[in-house]
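User: Please take a close look at the surroundings of the ligand and describe the contacts made there.

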Amino acid sequence: MKSVASKLREKIEVLIVVGIGGSYLGARAAEEMIRGLYANDKVELIYVGNTISSTYTSQVKEYLSKKEFGIVNISKSGTTTEPGIAFRVFKELLEQKVGKEEAVSRIVAVTDKAKGALKTLADNEGYETFVIPDDIGGRYSVLTPVGIFPLLVAGVDVDAMFNGAKKARKDTTDLENNEAYKYAVARYLLNTKHGYKSETLVSYELQMQMFTE
Ligand SMILES: O=P(O)(O)OC[C@H]1O[C@H](O)[C@H](O)[C@@H](O)[C@@H]1O
């Protein structure tokens, strides 16, 4: 995955990340938390397929007219409507810009190992493909190719991320010092013993906003 990402990085200024829900939020949350909102890196990530806004889509198309770009299309089922539409739009734009053959070398699919329309399309077109493991749900997929591929193209140090994840796992085995566990216990007690029925998790730190999305 690293070599595919670094080859793509050499060619492009923008990576179009196609995906919605669990197939996009992890990468975006991690990218913004790690790089900040205005990253000083040669490759910019632009997220599409999480809206059907034609205004947004045409703004991104216009922005790309002067940029070298590639696409990663991320969908576990391979059949979700919004990313399906967005992928068609941006694939066509890329093919018009660089030709079909070069477009194939700039498109990557992240999807199920065997089933779904995206898997079939990727096999037919010859796109490089990375697998979303069966037993990992969308919202937990940031440390799979769903999050890691876009982050690699963005130039994020993913080895440091994995080291951090390993350290967090080790540190949290002791429940008394596990912040997530303490939070879960507190909210459970507030709900069941004190009658609080709704909860709002808010971040006023702009680059952490996607974490709570
Ligand atoms: O990865 P996909 O199959 O395209 O699904 C992407 C997302 O689609 C919807 O928004 C679902 O509510 C999410 O749970 C899912 O993560």
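Analyst: A backbone N or O atom of Gly-22 lies 2.9 Å from an oxygen atom of the ligand, a polar contact in the sense of a pair of N or O atoms within 3.5 Å. Side chains contribute as well: an N or O atom in the side chain of Ser-75 is 2.5 Å from an oxygen atom of the ligand, and a polar side-chain atom of Thr-80 lies 2.5 Å from a ligand oxygen atom. Of the 390 Å² of accessible area that the ligand has on its own, the protein covers 62% (Shrake-Rupley method, 1.4 Å probe).

This is a predicted model, in which local features need pLDDT of at least 70 and side-chain atom pairs count only at pLDDT 80 or more, while totals for chains, interfaces and linings use all residues. Residues are numbered from 1 along each chain as its sequence is written, and side-chain values use heavy atoms, with hydrogens and water left out.

The shell around the ligand consists of Ile-20, Gly-21, Gly-22, Ser-23, Ser-75, Lys-76, Ser-77 and Thr-80, a residue being near if one of its heavy atoms lies within 4 Å. By class, the shell holds one nonpolar, six polar and one charged residue; Ala, Val, Leu, Ile, Met, Phe, Trp, Tyr, Cys and Pro count as nonpolar, Asp, Glu, Lys and Arg as charged, and the others, Gly among them, as polar.

Key:
A polar contact is a pair of N or O atoms within 3.5 Å; within protein, one must be able to donate a hydrogen and the other to accept it, and residues adjacent in sequence count only if both atoms are side-chain atoms.
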